[in-house]
Amino acid sequence: TDCRLRHAEAAYARATMEAAARPAAGAHPESTGWHAKLRARRRRALEAYEEAATETEARGSLPQPPTAPIGDLTEEEVLRLGGDLLAMLPRQVSVADYRLVEEKVAVATEVAARRPAAAKRHLREAARFAERVTRDAERRQETEEWAAQQLAFLRADPGTPVPLPDATAEIAVLERLLRQGGTLEETERVRIAARVGERVDAYQRMYATEVIRAAVRHSEPETAGYTTSGAVQIIDWTPPGWGDEHWLRISLDTRGTARVSTMHRERDPGEETDDDLDLDWRRCAEAPDHLEELRKLAERAGLSMPFDFDEPPARPAPRTAARPSHDHRTGPKVRRRDQETQS
């Protein structure tokens, strides 16, 4: 992949030089030869970059910045320094920018014999412009690479059970940037980051859910059920030995945090016994132990999954216990419980 990318970059840079090769009106008679020498230096640099066996070797093949000349420069010295300057330009530099740097070096070459001080000045101007062009090209490449990554991510369908906010507008912005170039407004970047963040959260929830499902399947797969409530993923799991009256509900919220509740079937309050309440309490106390294996599996999968347990209730006192002789409590009140009550 790296080799193919280097081949493509070198091919683009060579095409840029060819597009910039049109002779300028009123050019010096020897200008064609100067330009040929300058481009030959860049071609050699591109070949070394393209043929490198490793990325380290490719980086080492890039020319080093030329040292600032001290004395007067000859025509050959200007061509050598200018050639190094052009060879260092980014491979993605535009035709217009490449042509301008090359023309500045050609002007310096033209006046080198008659006005060496002017040649040095023109060469310095070419170097300053090359630095600016390099910075602009690097920023543009960084922006385009970032945009391409965001676009690929937003186009992918993670298959989340909960629909994600529509990213059509953000995809269009990224496609326009990659097609036409330019920059992004800060508001556009914020919107794109928000859509990407939503999808990252969705992937994290999916991963957390699958880890929990794997742990449940490892235990007793027939004792689990899976549902959703809004953006929350819900797994109802009956640990071994709990029977049909109690189970654990594991809820994964939008932040990827798993919250565990101990549940029991609906009971008529009038028929609820002390044994029922005591068993509710014991199931709550047993819940963390049953989830220990799940936590270990999550850690092995590289997922930090803290379970948020409510403070366990106090063990219920038997309702047949002796009461004070003066009981001023009001009469019995109706108790309402949901279909599935947390305990």
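**A conversation about the chain and its side chains**

Reader: What is the relative accessible area of Asp-136?
Author: Asp-136 has a relative accessible area of 24% and is therefore partly exposed. Please note that this is a predicted model.

Reader: Which residue forms a salt bridge with Asp-136, with the closest N and O atoms 3.4 Å apart?
Author: That residue is Arg-132; its closest nitrogen and the closest oxygen of Asp-136 are 3.4 Å apart, and the two form a salt bridge.

Reader: Why are those two separated by about one helical turn?
Author: Asp-136 and Arg-132 are four residues apart in helix α6, so about one helical turn separates them.

Reader: And Arg-132, is that one buried or partly exposed?
Author: Arg-132 counts as partly exposed, because its relative accessibility is 39%.

Reader: Which side chain meets Asp-136 in a salt bridge of 2.6 Å?
Author: The side chain of Arg-139 does so, with 2.6 Å from N to O. Arg-139 also lies in helix α6, three residues from Asp-136, which is about one turn of the helix. With a relative accessible area of 47%, Arg-139 is partly exposed.

Reader: What about Arg-155, which residue does it form a salt bridge with?
Author: Arg-155 forms a salt bridge with Glu-175, and the closest N and O atoms are 2.5 Å apart. This pair links distant parts of the chain, since Arg-155 is in helix α6 and Glu-175 is in helix α7, residues 168-180; they are 20 residues apart.

Reader: Which residues do salt bridges with shared partners join into one network?
Author: Glu-170, Arg-191, Arg-195 and Glu-198 are joined in that way.

Reader: How many salt bridges does the structure hold?
Author: There are 18 salt bridges in the structure.

Reader: A change of topic: which residues form the positive surface patch?
Author: The patch is formed by Arg-114, Arg-115, Arg-121, Arg-124 and Arg-128.

Reader: Where does Arg-115 lie?
Author: Arg-115 is in the loop between α5, residues 95-111, and α6, residues 116-155. Its relative accessibility is 42%, so Arg-115 counts as partly exposed.

Reader: Could we step back to the whole chain? How many helices and strands are there?
Author: The chain has nine helices and six strands.

Reader: What share of the residues is buried?
Author: Of the 343 residues in the chain, 35% are buried. The chain exposes about 20400 Å², and carbon and sulfur atoms supply 51% of that area.

Reader: Among contacts between residues at least 6 apart in sequence, what share joins residues at least 24 apart?
Author: The share is 62% of those contacts.

Reader: Now a few single residues. Where is Arg-59 found?
Author: Arg-59 is in helix α3, residues 55-60. With a relative accessible area of 54%, Arg-59 is exposed.

Reader: What separates the C-alpha atoms of Arg-59 and Ala-48?
Author: A distance of 9.8 Å separates them, and the two residues are 11 residues apart along the chain.

Reader: And where is the place of Gly-225?
Author: Gly-225 is in strand β1, residues 224-229. Gly-225 counts as partly exposed because its relative accessibility is 27%.

Reader: Which residues does Gly-225 touch, not counting those up to four places away in sequence?
Author: With that exclusion, Gly-225 touches Ile-234, Ile-235 and Asp-236. Thr-238 lies 13 residues from Gly-225 in sequence, and their C-alpha atoms are 9.2 Å apart in space.

Reader: One last residue, then. Where is His-290?
Author: His-290 is in helix α9, residues 274-300. A relative accessible area of 23% makes His-290 partly exposed.

Reader: How many residues apart in sequence are His-290 and Pro-239?
Author: They are 51 residues apart in sequence, while 6.8 Å separates them in space, from C-alpha to C-alpha.

Reader: Which residues does His-290 touch, again not counting those up to four places away in sequence?
Author: His-290 touches Trp-237, Pro-239, Pro-240, Trp-242 and Leu-248.

Notes:
Residues are numbered from 1 along each chain as its sequence is written. This is a predicted model: local features need pLDDT of at least 70, side-chain atom pairs count only at pLDDT 80 or more; totals for chains, interfaces and linings use all residues. Side-chain values use heavy atoms; hydrogens and water are left out. Patches are made of residues with over 30% relative accessible area and no salt bridge: like charges are joined within 9 Å, nonpolar side chains (Val, Leu, Ile, Met, Phe, Trp, Tyr) within 5 Å. Accessible areas come from the Shrake-Rupley method with a 1.4 Å probe; for residues, only the protein chains shown count as cover. A salt bridge is a side-chain nitrogen of Lys or Arg within 4 Å of a carboxyl oxygen of Asp or Glu. Lys and Arg count as positive and Asp and Glu as negative; His and the chain ends are not counted. The place of a charge is taken as NZ of Lys, CZ of Arg, CG of Asp or CD of Glu. Buried means under 20% relative accessible area, exposed over 50%, partly exposed in between (1.4 Å probe, protein chains only). Contact means heavy atoms within 4.5 Å.
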